[in-house]
Amino acid sequence: MNVRYRVLSGLFLLSTITYLDRVCMNVVSKYVKADLHLDNQEFGWILGAFSLAYALFEIPTGSLGDSLGPRRVLTRVVFWWSGFTALTGTAFSFTYLLVVRFLFGAGEAGAYPNASIVIARWFPAVETGRAQSVIWAAGRLGGALTPLLVIPLVHWAGWRWAFGLLGILGVMWAIGWYAWFRDEPAEMPGITAAEVAEIEAGRHIKKTDHRIPWTTIIRNPDLWALMLMCHLFFYGSYFFTNWSSVYFQEGRGLSEDETKNFISLSYFLGAIGCLIGGGLSDVLTKRYGLKIGRRAVGVTGLGLSSLFFLLAGLTTDNQLAGYLLATCVLMKDLALPVAFAVCVDIGQRNAGTVAGSMNFAGQLGGFFITILFGIIVEQTKNFNYPLFMIAGCLLVSALLWFRIDPTKPVAVQ
């Protein structure tokens with residue numbers, strides 16, 4: 001196996017652990033709310049604290065990875081977030097949990113931008129979409145596994161132990177990553193000269209490239225279109241990350257087992273969507289060029305997801321709503337690896353900063369939907385109103401792909 005695919009395996013594990021940690025709070029929500037006496041509006045602020053911190057620290061941590069390299073930055077990121085994952089299990093009040101989840105988000109910020117730096121440095125341009133699809137499919141796999149692993153653990157030992165064990169898993173990954181990985185292919189023990197030459201000849205990064213200050217990069221109007229697309233995109237993503245368990249159980253009256261199955265199905269289909277989307281984008285890029293290859297998948301995936309969100313909110317059949325929402329994840333996640341592939345396309349040596357900027361905007365979207373969902377549901381007692389809002393956001397996100405041009409590097413003014 002080529003060494004770059006072993007590197008991709010390490011990122012696969014990273015992404016899996018990331019979503020195990022994120023989705024855990026969604027899965028155990030009813031236990032945390034009952035234990036700490038929280039209503040949906042208060043719980044929304046707990047969930048939103050993660051997204052807000054993640055957004056605020058995303059650009060600096062992505063830029064730091066461009067400067068210091070993803071080996072050191074990813075190690076710090078995973079150690080930090082794993083510690084606060086474990087501390088989540090010690091929560092005893094609303095305020096304590098709010099602070100811990102904010103610091104958890106601050107620590108996890110930069111994980112995916114730094115993974116994009118690894119992709120930019122370690123993979124030829126023609127493999128970028130597929131490499132991103134593997135990383136994001138792994139995240140969806142982590143989300144699918146979370147209810148299957150965590151709910152039995154909660155029944156056996158309580159929700160607090162779930163966070164402690166997940167924290168230990170992250171620390172183990174960080175130690176292994178720092179000991180083994182190197183920032184540049186040429187520095188990696190055991191890699192052949194032929195593979196190094198293949199990577200360096202085919203990747204977006206060239207030895208003559210230079211880094212550009214992130215303050216200059218984010219003035220680029222094309223990047224703002226990418227950021228707004230991601231902002232609206234993540235309204236859909238964070239419904240599943242934070243609120244799907246509450247929606248199914250409180251809004252649709254499903255049992256814990258039914259909810260567990262629909263959450264797992266959603267993330268499993270999301271993994272398939274990521275793999276198809278990234279691979280399809282690379283195939284279309286080879287045949288029709290980069291612009292069509294990226295745009296076609298983004299427009300189609302998000303447009304169809306918007307439609308299925310609308311249908312899920314309209315149906316009175318609870319089981320059908322579950323299947324429609326699972327299909328939403330399949331459709332929207334076609335676009336997810338493509339969005340991060342565009343960050344590599346236009347960011348090149350500044351891929352971490354560009355991905356951090358895009359994900360910053362996305363996480364702000366995650367923060368807003370997380371807070372708004374809790375407020376809307378608490379005030380109206382209607383769990384479907386937020387779905388209509390999300391459907392509209394995804395439609396606009398799909399249309400914004402016509403403004404995104406992956407052939408224009410952000411350095412070009």
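Is the crossing of H4 and H6 left-handed or right-handed? In this predicted model, the two helices cross in a left-handed manner. Helix H4 spans residues 70-88 and helix H6 spans residues 111-122, and their axes lie 10 Å apart at an angle of about 155°. Angles over 145 degrees count as roughly antiparallel, and H4 and H6 are therefore roughly antiparallel to each other. On the H4 side, the contact is made by Pro70, Val73, Leu74, Val77 and Trp81, and these meet Ala111, Asn114, Ile117, Val118 and Arg121 of H6. Sorted by class, the residues of this contact comprise 8 nonpolar, 1 polar and 1 charged.

With residues up to four places away in sequence set aside, Leu11 touches Leu74, Ala115, Val118, Ile119, Ile135 and Trp177. Leu11 also belongs to the largest nonpolar core, which holds 123 residues. Leu11, Trp122, Leu226, Met229, Phe239, Phe309 and Leu325 are the members that touch the most other members of this core. Helix H11, residues 221-251, gives the most to the core, contributing 17 residues. As general background, nonpolar side chains tend to be buried together in soluble globular proteins.

Further along H4 sits Ala86. With a relative accessible area of 27%, Ala86 is partly exposed. Ala86 and Gly164 are separated by 78 residues in sequence, yet their C-alpha atoms are 4.1 Å apart in space. Beyond its neighbours within four places in sequence, Ala86 is in contact with Phe163, Gly164 and Gly167.

The axes of helix H12 (residues 256-288) and helix H14 (residues 318-332) come within 7 Å and cross at roughly 25°. An angle under 35 degrees counts as roughly parallel, and that makes H12 roughly parallel to H14. The crossing in which H12 passes H14 is right-handed. From H12, the contact draws on Glu258, Phe262, Leu265, Ser266, Leu269, Gly270, Ile272 and Gly273, while H14 supplies Gln319, Gly322, Tyr323, Ala326, Thr327, Val329 and Leu330. These residues divide into 8 nonpolar, 6 polar and 1 charged.

Helix H13, residues 290-314, also packs on H14, with axes that come within 8 Å and cross at roughly 165°. With a value over 145 degrees counting as roughly antiparallel, H13 and H14 are therefore roughly antiparallel to each other. Their crossing is left-handed. The H13 side of the contact consists of Gly301, Leu302, Leu304, Ser305, Phe308, Phe309, Leu311 and Ala312, and the H14 side consists of Ala321, Leu324, Leu325, Thr327, Cys328, Met331 and Lys332. By class, there are 11 nonpolar, 3 polar and 1 charged residues in the contact of H13 with H14. Phe309 and Leu325, which take part in this contact, are also among the core members that touch the most others. Thr327 of H14 contributes to the contact with H12 and to the contact with H13.

Another residue of interest is Arg130, placed in helix H7, which covers residues 128-157. Arg130 has a relative accessible area of 36% and is partly exposed. Apart from its neighbours within four places in sequence, Arg130 is in contact with Gly278, Gly279, Asp282 and Lys286. Arg130 and Pro70 are 60 residues apart in sequence, and 20 Å separates their C-alpha atoms.

Most residues other than glycine have a negative phi. His37, however, has a positive phi, near 60°. His37 is found in the loop between helix H2 (29-36) and helix H3 (40-68), and counts as exposed at 68% relative accessibility. Lys381 likewise shows a positive phi, of about 60°, although it is not a glycine. The loop that holds Lys381 lies between helix H16 (351-380) and helix H17 (385-400). Lys381 is exposed, with a relative accessible area of 58%.

Note on methods:
Residues are numbered from 1 along each chain as its sequence is written. This is a predicted model: local features need pLDDT of at least 70, side-chain atom pairs count only at pLDDT 80 or more; totals for chains, interfaces and linings use all residues. Side-chain values use heavy atoms; hydrogens and water are left out. A nonpolar core is a set of buried Ala, Val, Leu, Ile, Met, Phe, Trp, Tyr and Cys residues joined through side-chain atoms within 4.5 Å. Buried means under 20% relative accessible area, exposed over 50%, partly exposed in between (1.4 Å probe, protein chains only). Helices (H or I, at least four residues) and strands (E, at least two) are DSSP runs, numbered from the N terminus. Contact means heavy atoms within 4.5 Å. Axes are lines fitted to C-alpha atoms, for helices over the stretch in contact, and angles run from 0 to 180 degrees between N-to-C directions. Angles under 35 degrees count as roughly parallel, over 145 as roughly antiparallel, 65 to 115 as roughly perpendicular and the rest as oblique. A crossing is left-handed if the near helix is turned anticlockwise from the far one by less than a right angle, and right-handed if clockwise. Ala, Val, Leu, Ile, Met, Phe, Trp, Tyr, Cys and Pro count as nonpolar, Asp, Glu, Lys and Arg as charged, and the others, Gly among them, as polar.
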